[in-house]
Amino acid sequence: ISSESASRYIQLFDDTYLIYLMPRHGATNLQISSPRKVYAADTGIRNLFTGFINKGRAFENYVYLKLKNFDPVYVLENQRELDFLIDNRVLVEAKYAEEIKEKQKEMYDRFDAQYKKVIKGFRDLEELELLLEKLMAPPV
């Protein structure tokens, strides 16, 4: 199919909530010109089509589904990526059963964020959700 048709299908899938498209962090022109990351709305369907080969990507997809209502963006710098930035204050990296690699760790440590969290499992994700609820709650 043509790239125009593919773009229309992707937009249709996004509009009907089969997938979610996450933009890149940065200036508006950077967000528009950069590719968006794709996450499946249903991880079971995702695994049916892609297989359950890469547990790290499946876990990152799950983390995205938990964070999607906070409008996360991804950070890309020198071909290295950090998974989620929320409200320019909370930096999140999802790592299932692995550690952050050296160059990515340098970027993570250097990035200016009020809170930073590496999610390695479901308990870490619960802690992050509680933190986000406190941070994003409207002032009383």
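User: How do you know what pLDDT the chain averages?
Analyst: This is a predicted model, where local features need pLDDT of at least 70, side-chain atom pairs count only at pLDDT 80 or more, and totals for chains, interfaces and linings use all residues. pLDDT is the predictor's confidence in each residue, from 0 to 100; the chain averages 90, and 99% of the residues score at least 70. Residues are numbered from 1 along each chain as its sequence is written, and side-chain values use heavy atoms, leaving out hydrogens and water.

User: Why is Y9 called partly exposed?
Analyst: Buried means under 20% relative accessible area, exposed over 50%, and partly exposed in between (1.4 Å probe, protein chains only). Y9 has 45%, so partly exposed it is.

User: What makes N78 exposed?
Analyst: Its relative accessible area is 62%, so N78 counts as exposed. N78 sits in the loop between β3 (73-77) and β4 (80-86), and its phi is near 50 degrees, a positive value in a residue other than glycine.

User: And why does D87 count as partly exposed?
Analyst: Because D87 has 44% relative accessibility. You'll find D87 in the loop between β4 and β5 (90-94), with a phi near 55 degrees.

User: How do you know what α1 should span?
Analyst: Helices (H or I, at least four residues) and strands (E, at least two) are DSSP runs, numbered from the N terminus. The expected span of a helix is 1.5 Å times one less than its number of residues. The 13 residues of α1 should therefore span 18 Å, and the end C-alpha atoms are 18 Å apart, which agrees. Just after α1, Y17 takes a positive phi of about 60 degrees.
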